[in-house]
Amino acid sequence: MWPCGVTDWIGASYAIATSGSYYLEFGVMNWYDASADSGLAFDAIALDGAPLPPVPEPATWSLLAGGFGVLLGRRRR
């Protein structure tokens, strides 16, 4: 079994010529080597040279809202 990152990191950048709204999609295909799993990792994604802020996971917000609900329910009793 090969470790993750056996092909090393590949740097890439892309300049969009016109302004507007865009969807950015990524995908991975493993065409030739069925003995190894495919993977895709990202590091240091930036927009106009500034790093993008982290996006909280939906479960985080659900847990936070649930916790506040429990606190409010206990407070009413």
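pLDDT is the predictor's confidence in each residue, from 0 to 100. This is a predicted model, in which local features need pLDDT of at least 70 and side-chain atom pairs count only at pLDDT 80 or more, while totals for chains, interfaces and linings use all residues. Residues are numbered from 1 along each chain as its sequence is written, and side-chain values use heavy atoms, with hydrogens and water left out.

The mean pLDDT of the chain is 77, and 86% of its residues reach 70 or more. Where pLDDT is low, the predicted coordinates should not be read in detail.

The chain contains two strands and one helix. Helices (H or I, at least four residues) and strands (E, at least two) are DSSP runs, numbered from the N terminus. Read from the N terminus, the order is β-β-α.

Of the 77 residues, 0% count as buried. Buried means under 20% relative accessible area, exposed over 50%, and partly exposed in between (1.4 Å probe, protein chains only). The accessible surface of the chain is about 8300 Å², and carbon and sulfur atoms account for 60% of this. Such areas come from the Shrake-Rupley method with a 1.4 Å probe; for residues, only the protein chains shown count as cover.

| Residue | Location | Relative accessible area |
|---|---|---|
| Leu-24 | segment before β1 (46–47) | 70% |
| Ile-10 | segment before β1 | 73% |
| Asp-48 | loop between β1 and β2 | 82% |

Leu-24 also belongs to a nonpolar surface patch of about 810 Å², whose other members include Phe-26, Leu-40 and Phe-42. Patches are made of residues with over 30% relative accessible area and no salt bridge, with like charges joined within 9 Å and nonpolar side chains (Val, Leu, Ile, Met, Phe, Trp, Tyr) within 5 Å. A salt bridge is a side-chain nitrogen of Lys or Arg within 4 Å of a carboxyl oxygen of Asp or Glu.

Phe-42 and Ile-10 are 32 residues apart in sequence and 9.9 Å apart in space, C-alpha to C-alpha. For Asp-48 and Ala-15, the separation is 33 residues in sequence and 9.4 Å in space, again C-alpha to C-alpha.
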